[in-house]
Amino acid sequence: MNRKAMTGLETAIILVAFVITAAAFAFVVLNMGFLTAEKAQSVIGAGMREAGSSMLTDSGVIGQFSNVTGDQSDICMEKLTFYLKLSQGNEPVDLGDQNMVVTYTNLRCHGEIYASNGTIMTVTGVNSDGDQLLENGEKYKVVIDFTELAIDGVDPAVTAGNRPDLYAHPYEEFRVELRPSQGAVLTVEKPVPAVHSPVMVIE
């Protein structure tokens, strides 16, 4: 009788050990499942934020031109102005030069135009709260002065005698890309039409 009792007790101990082990394993599996699901949800959310552009241009792009009385081939787009706003449902975008890269491309050269010196490209709040965050309901004015571009500040570098190569001319396309630290790239790509006045809206 004593041997049977001992055998039953040993069986019970082994059964309890199996149950505890199974419970611990199930807890680990469930916990890993919850962590994986949470990680997948955060990755999907981040992907959605990256896929949709957070910024939009508000209305048209304004170009300022020189040599408008000469031939179209001599006309240079020396300044570009447009306005930014935040698309609905997106998080604020930091427009500071430390968190956004802006590039300019025409048919002859390519270069970065946004830096801490603020001479080529300036970003100014129109109805902002004074910080550098583009938030819902706010608008920022962007002015790009291509005359401030250095001839060696683009790739390939432009020689001193060919400085007009820095500028876009009528019947050519130019491209400005704003790359925030988070969110999709905002691209302003326009063909320059025939120019007949110093200031024109580029549709």
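Accessible areas here come from the Shrake-Rupley method with a 1.4 Å probe, and for residues only the protein chains shown count as cover. By that method the protein has an accessible surface of about 12100 Å², with 58% of it belonging to carbon and sulfur atoms.

Before going on, a word on the model. It is predicted, so local features need pLDDT of at least 70 and side-chain atom pairs count only at pLDDT 80 or more, while totals for chains, interfaces and linings use all residues. Residues are numbered from 1 along each chain as its sequence is written, and side-chain values use heavy atoms, with hydrogens and water left out.

Now the overall layout. The protein has one helix and 12 strands; these are DSSP runs, H or I of at least four residues for helices and E of at least two for strands, numbered from the N terminus.

Of the 203 residues, 31% are buried, meaning under 20% relative accessible area with a 1.4 Å probe, protein chains only. A contact means heavy atoms within 4.5 Å. Among contacts with a separation of 6 or more, 61% are between residues 24 or more positions apart.

Is N106 buried or exposed? It counts as buried, because its relative accessibility is 7%.

What does N106 touch, leaving out residues up to four places away in sequence? The list is D165, L166, Y167, A168 and E173.

Conventions
Buried < 20%, exposed > 50% of the residue type's maximum accessible area, 1.4 Å probe, protein only.
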